[in-house]
Amino acid sequence: MQKTLDQFAIGEQGIVTSVGGEGKIKRRLFDMGITPGAEVLLRKRAPLGDPLEITVRSYELSLRKTEAQCVTLRVADKTTAGVSSNE
Amino acid sequence: MSEKMPRFALAGNPNCGKTTLFNSLTGSTAHVGNWPGVTVDKRDGVYKKCAEPVAIIDLPGIYSLSPYTPEEVIARNYILDEKPDCVINIVDATNLERNLYLTTQILEMDVPIVIALNMMDAVERQGDKIDAKELEKRLGVPVVKISALKEKGLDELMDKAYNESQKARHGSTVLNDTALAHLINDVRIALSGQNVGNPLFHAIKLVEGDEIEVAMHKETLPMVEEFKTTFEDEIFGDDFEALVADGRYKYISKHFAPVLTRKSKEKFATTRSDRADKVLTNRWAGIPIFLLILFAIFHLTFSEDFLFVSTFANWAGKPLPTLKELGLDVENYGVRWLATIYDGAIFSPGVIVNNIWNDMLVGELFGWIQGLVEGSGMAAWAVGLINNGIIEGLGAVLSFLPPILTLFLFFSILEDSGYMARIAFILDRMFRRFGLSGRSFLPMIMGFGCSVPAMINTRTLADEKERTATVRVIPFFSCGAKLPILTAVAGAVILHFANGKGNADLITYSMYLLGIVVAIVSVLLMRSTTLKGETPPFIMELPAYHAPQFKNLMAHLWDKTKHFVKKAFTIILASTIVIWVLTHFDFGWKFLNDEQINDSILAGLSRLVQPLFTPLGFGSQLGEYGWVFVLAAVAGLIAKENVISTFATLGACLLAAQIPALSGFDPALLEDESGIQAVIAMILATNISVPGLISFIAFNMTTIPCFAAVGTAKSELGSKKRFNWTLVFWLAASYIVGAIVYTVGSWWWTLFIWLAVAAGITCLIVFYNKGKIKLNFRKKAR
C-alpha cells in the first residue's frame, strides 16, 4: 500500500518510492537522505500537531506536514516496538 | 598569517564535531572574522605540530554542496576558488550514510582529501564496528579514526593531511554506475577543453541543473538539454537532480554502508537520547517543560531574588534584613564583596557575576583611573572628557558584558545539548502563522536579555527574508537595559499622578506586551509587503542529545567577549566622545559644566527637533523645557541606560535653573538611583501629561536600539540598503506607536480613527496581494 508521509500513523514504517515537491524543497529532502529506497519511521508529532519527527538513515529529522506530503512511501507491514503509543 | 602557509579546510555536516576538532587543532590561535559579503562566521587558526605551521580554516557546517543555503555556497566557493591545500572532511561515524553524501560531492573536486572519522568512541560504545581500512580502500582517500573531543588521532590525521597536500589529486565520482555516467563524462571533457578547473565537479553540477553552474557555463548547457530530450528514467523521468542524489545514496548504501557492522539487528533502535526526547518533546509536557527552562534561564541571569527566598520571607512576615540593617559598614571593602551576593535578598548567579564585574572590578579600576585623571591637573574640559565621557561611556558598555555572557552561556548549553533544535520543533507551528519558522523564536526571546547576542543568533536562520524580519523585530523584545526606563517613568506616573496608589508593575508589563504586539504586527506587515516570500521550509536535523562540552562553551564565550570588547573600544567609544562633546560645548565652542547642559549644542539641536515629537505628546506642547525628553531619548540611542543617567543630569539641571514650578522640590530626593524623582522633576517643569509619558516610554522601547545593537544589526544584515531601511523602519515604528499611545490616551475616540486606518491598510495589502489593485511601484514590492 502506498501513501504519503503526512498520512502515516505514529510508529508506522515505510520505504520511500518517490519524492515530489517544488525544486528547493525536493532538493533539501534528497540532501537529507530521503531518496527512493530509504526506510522511514514516523516517530512523533510536535505538541501542536505539526511538524513531524522521522527517523531516516539512522538519524532524526523534523519536517512539516506540507513537506511530508511530497514524500510517497510503500508501507512496511511491521511496526517497531521501540516507539510507544502514548502520543 | 603568512600567505605561503599551507591551508587545510575543515568541511563536514553540522553537528559532526567540526568545531571541537577546530578548537583542538588550533588551541588559542583561533581568529573569528566575517566572510566577505555574507555574514557567516569564518574562523581560522594555526596548527603547529606538522613539518611547518598550517592554517586551519573552519568552513560552515553543511549537508550538501547544492546552492540553496548561504553556508553551502560559501563552503563550495572556498574550495573551488581559494583552492586549499587539503580538505579534511569530518565524518560523524554514528551517522555514516548521510555524512558520506557530502563526501561523495567533495570527492568530485580536484583537491586532496583526508577523511576524519569522528565519534568512533560512540559507535564502539553501542557495540558497533566500522572497518576504516575497508572504507579507505573503497573511497580511495585516507581515512583516519579520531576523537576530536578526547584529542585522539589528531597527529596522525594532520600527518596524513600534510602528506596528501604535497600530492595532486583528481576528482572522482561514485556516479559511474548510473545512466548519467556518459553524459557526465562528455560534459567533463567539454569543460576540460575550455580549461575549466574542477571539471568533474562542474560537469556533475551542470547535469543536475544547479542554478550557479547553469549561469556559469551557458555554452555547454545545450549538451545537457539535448541529452535530456532523449532520456527517460522509469522512476525520475528527466529529473537529473533527483537521479544524481539518488545515485549517490544508492552507491553509499551499496558500497560504503557495509563497512559498518551493527550489534543490534533492530533497524530503529531506541537510544538514551530517544528516551530523553520522549519526555522533552512530549505532547503534553513538552511546552510546559520548555517554558520552565526558559524561565529558569532568565531567573538565573537577572533575578535579584534567587529562588524567591526574599519573597517567601516577606510573605511569612519576616523580611530579610539588608546589610545596612544588620549594622554592617557598607563602605567596608569586605562588606562590599558580601553585598555582591546578598543585600536583603540572595542574588542569582548572573547578578552576582554582574555585581562583581561592575562594582568590584571595572568600577574599582575605572574609579582609580578617574582619580588619577582628576589629580593630574589637566584642564577641566579634558578631565570631563576622559572621566565623564570616555570612561563612563566605556563603563556603561562593558557593564553589559556579564549579562550577555551569562545568557550566551545558557543558550550555548541549549545549543550544544541538542535541545535548541527541539525548541524550534515545538514552536514551529505557532511561528508559521506569522510567516516565520520555529527557529526564529530563540533570537527573539534572547532579545529580552540583550539585542546583541540575539541578532548574532539569527545566523541559524537559513532564509534571508526570515532573518531580516527577525533582526528588525528583536529590539521590540524589551532588553534588560530598557527596564530601568520603564520602572522610572512608571514609578513617577504612579507617584505623581496617582499619589502612589496603583501598580507601577502593571504599566511595565503592559509595555512588554506592547513590544510583543508591535513585533507580531510588524512581522505580519513585512511578510505581506516588502519581505514577501514563502514560509521557509523546516526540514531540519534533530541531533542526538549529548552533554555540552566545557571546552567548547568556553571557546564560544571567549569568541563573544573578544567581539564585544573590540566593538566597545571602537565604534561605541567614538560615539560616546561625540555625545559628550555635544552636551558640554555650546555653539560658540565654549566649555560648559554639567549644570549648563541646556545651553549645549545637543540641547539646541533637541529644541530644533522638539516640534517633531508633538504628535507623540512630548514635543512643542511641553514648552520651554520640553526638550529634556527629546534629549533623553536621543541619549538612549548610544546606550539605553543613558536615558536614566540623562534623567538624573537633567533633573539636577532643572533644579539648578530655578524653575518656579519646581520651587517646592527637595533636591535631596534626587539622590534616589531609580530616577523616579528626576522624572517627577521633569514632569513638574514641563507639565507633561500621562499619555505623553507613556508614549515616551513606548517610543524608547520601539525606536532605534542602542549603538551596540545597531552595529550588530549592520553586520548581520549584510547589505547596506537593507540596513538603512531597517533604521527607517525602527524610526517609523516607534513614531507610529508613540503617536497611537498618545492620541488614544488623550482622546479615546481617536482609537476609531486608528482602527479605520489599520483596516484600510489591511484591505489595501490584501487586495494588492491578490492582484486586484495595481500600483506603479509593483516591481519595487516584489
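Helices (H or I, at least four residues) and strands (E, at least two) are DSSP runs, numbered from the N terminus. The model is predicted: local features need pLDDT of at least 70, side-chain atom pairs count only at pLDDT 80 or more, and totals for chains, interfaces and linings use all residues. Residues are numbered from 1 along each chain as its sequence is written, while chains are lettered from A and ligands numbered from 1 in the order in which they are written.

**View 1. The fold of chain A follows the pattern β-β-α-β-β-β-α-β along the sequence.** Chain A holds two helices and six strands. Of its 87 residues, 49% count as buried (20 or more other C-beta atoms within 10 Å of the residue's own, with C-beta atoms placed from the backbone). Contacts require C-beta atoms, placed from the backbone, to lie within 7 Å. Among chain A contacts between residues at least 6 apart in sequence, 61% join residues at least 24 apart.

**View 2. Chain A meets chain B through 37 residues of chain A and 35 residues of chain B.** Five elements of chain A each supply at least two residues of its side: strand 2 (13–19), helix 1 (23–31), strand 3 (39–45), strand 4 (52–56) and strand 5 (59–63). Helix 1 of chain A gives the largest share, seven residues. By class, the chain A side has 14 nonpolar, ten polar and 13 charged residues. Here Ala, Val, Leu, Ile, Met, Phe, Trp, Tyr, Cys and Pro count as nonpolar, Asp, Glu, Lys and Arg as charged, and the others, Gly among them, as polar.

**View 3. Strand 5 of chain A pairs with strand 10 (residues 540–541) of chain B.** The sense is antiparallel, over two bridges. Pairing requires at least two DSSP bridges between the strands. A:Leu61 stands opposite B:Glu541 of strand 10.

**View 4. Helix 26 (residues 601–609) of chain B has buried residues B:Leu602, B:Ala603 and B:Ser606.** Seen down the axis of helix 26 of chain B, its buried residues fall within an arc of 100 degrees, so they line one face of the helix. The arc is taken over directions from the helix axis to the C-beta atoms.

**View 5. Helix 31 (residues 707–717) and helix 32 (residues 720–746) of chain B cross at roughly 140 degrees.** Their axes come within 8 Å. Axes are lines fitted to C-alpha atoms, for helices over the stretch in contact, and angles run from 0 to 180 degrees between N-to-C directions. B:Ala713, B:Lys714 and B:Leu717 of helix 31 make the contact with B:Arg722, B:Phe723 and B:Thr726 of helix 32. By class, this contact has three nonpolar, one polar and two charged residues.

Definitions and conventions. Contact = placed C-beta atoms within 7 Å. Buried ≥ 20, exposed ≤ 12 C-beta atoms within 10 Å, placed from the backbone.
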